[in-house]
Amino acid sequence: MSGGQQWWQTAVVYQVYLRSLADANGDGTGDIAGLRDRLGYLSDLGADAIWIAPWYSSPLADGGYDVAEYCDVDPVFGDLDQADALIAQAHAVGIRVLLDIVPNHTSREHPWFLAAIKGDPAARARYLFRPGRGEDGDQPPNNWISHFGGPAWTRMSGPTGAPGDWYLHSFAPDQPDLDWSNPEVAADFEDVLRFWFERGVDGFRIDSAHGLIKTAGLPDLSDSPTRHGHPAWDQDGIHDIYRRWRSIADSFRPPRIYVGEAWVDDPGRLARYLRPDELHAVFASALIRVPFRAEALRARIQQTLDTAEMIGSPVTWSLSNHDTVRHVTRYARPQPATSENSAWYRRQRGTGPADLALGRIRARAATLLALALPGTTYLYQGEELGLEEVEDLPDQLRQDPTWRQSGHTDPGRDGCRVPLPWSGDGPTLGFSPPEATSPPWLPQPEHWIDCTAAAQASDSRSMLTLYRTAIWLRRDHLLDAGPVTWIDTESDVLAFRRGRICCYLNTGSEPIALPPGKLLLASETRAGSMLAPNTAAWLTAQS
Ligand code: BGC
């Protein structure tokens, strides 16, 4: 922790997508024991905390974001003893543990939903069942669309087997939305928070944090009575929930924290989630959609910093996560003029091959940019190895519901979730033990043999070495360095100063001259005082 700041205001947080991190028991799926084996690696990398994607009991219809029991660990990942051991072992090496809570929806296999479809009125009241429209009720209750494509409603059979009511699912049909106006739902989740806080977890990432409360009456999208977008998202009632959650987090010693996944564009409305008695931080996801263009990056960074200043909150940065095209691949094709969403980046695979060498050079530069900014930086597992999106997975192996729900038009997010290459040249590149009984749940590209963590660890020019060096230099030079002051420079160049450290990023096609100063770190080997296209450097200013 640096002077006066809380750990979560400056941390480097490593996002663990458990299924794909490391498989200790050889069943082809990553697990808690595999993560425990890699804590030394994460500590060497300089991670202050890990955020672990949902490990609760789940049929894994959406990679665990479909929870069947919130107070247990799925056997494929381990058990509660393993969870306790992980938390203790992480704390012993100075790494905090954030879990991922999924309060907007459960799995269709959750006992509440199973009871609901058997007709138990109390269980039904935990979900959003509604009669259909039209003469036979065969039209969905409203016109909302699921985030993964198709209508946000699925019709169930009634007690006699005849078609009955519909239930709302903002995501896949396997993920029925909860009715958060039901006090029993709220009370149960408060118990879930306490359960994990008592086991020692340091906080939660809140999945779809802006979605819990829906506008009463579930109006059609065009009939929304609110002035701010969709009736299923960012509704005012949500803040009461987070005030109660905050008081629970604050009742623990040390106080626990929440980071909300809140896709709320209006800074004023986003600010409401960060009031002193609500969440500690939200994902601004500022850099994830932005092209590798100095002007666009600068504009987005400034907007994020302005919002943070306005609301007095810490800033969070990330270049990739488990829902987006890995940034090596995003940067490997012609860059869009403005920010684009992940589905757009996925569609680019149809435009021609990716220049991954260029993508990696740019990714190295972007990493120096992200790590030089004030606030918290979230790294997504594998980015420190320079992994690209695996765009050619066999269709029959794709598991992401986006693939199915989009009628096989969107390949979905499996390409960023391929199991990590750790070492050697064996069939799983060290992801699973040699005696494994099943292959990795998604196949690794053969050429990942060249970018295993072991191969990169001893290579001074590797992506892994760049990450390690940058994270440790950041600790020494940047945590207390103060706010961003932009430096006027050529177009296509982004430059700013924080205290004595200057960060330069050249997204143009010509080299630029750097000002005098001691070079702390560059994303590529530098020739003299010039900064090549697609590279970045940290300098210590002379005055
Ligand atoms: C998570 C996704 C998940 C969705 C539904 C998102 O915000 O990051 O991976 O599919 O929520 O839970």
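The structure is a predicted model, in which local features need pLDDT of at least 70 and side-chain atom pairs count only at pLDDT 80 or more, while totals for chains, interfaces and linings use all residues. Residues are numbered from 1 along each chain as its sequence is written, and side-chain values use heavy atoms, with hydrogens and water left out.

The chain is assigned domain 1 (7-106 + 181-215 + 226-457), domain 2 (111-168) and domain 3 (483-541); such bounds come from an automatic or database domain assignment. The centres of domain 1 and domain 3, taken over C-alpha atoms, are 29 Å apart. Their contact (heavy atoms within 4.5 Å) takes 19 residues from domain 1 and 21 residues from domain 3.

The size of an interface is often given as the accessible area lost when the parts come together. Here, the area buried between domain 1 and domain 3 is about 1,700 Å², with 70% from carbon and sulfur atoms; buried area is the accessible area (1.4 Å probe) that two parts lose on being put together, summed over both. On the side of domain 1, A294, R298 and L368 supply 33% of the area buried against domain 3, more than any other three residues.

Between domain 1 and domain 3 there is one salt bridge, a term for a side-chain nitrogen of Lys or Arg within 4 Å of a carboxyl oxygen of Asp or Glu. E524 forms a salt bridge with R364, and their closest N and O atoms are 3.1 Å apart. Two helices, α10 (294-311) and α13 (356-372), each supply at least two residues of the side of domain 1 that touches domain 3. The largest share of that side, nine residues, comes from α13. Helices (H or I, at least four residues) and strands (E, at least two) are DSSP runs, numbered from the N terminus.

The ligand is surrounded by 14 residues, the closest being D62, D207, E261, H322 and D323; a residue counts here if one of its heavy atoms lies within 4 Å of the ligand. A polar side-chain atom of D62 lies 2.5 Å from an oxygen atom of the ligand. For D207 the corresponding distance is 2.7 Å, and for H105 it is 2.9 Å.

The whole structure holds 31 salt bridges. One of them joins the side chains of D220 and R133 (3.1 Å, N to O). D220 lies in the loop between β9 (203-206) and α8 (238-250) and R133 in the loop between β6 (129-130) and β7 (153-157), so this pair ties together parts that are 87 residues apart in sequence.

Conventions:
A polar contact is a pair of N or O atoms within 3.5 Å; within protein, one must be able to donate a hydrogen and the other to accept it, and residues adjacent in sequence count only if both atoms are side-chain atoms.
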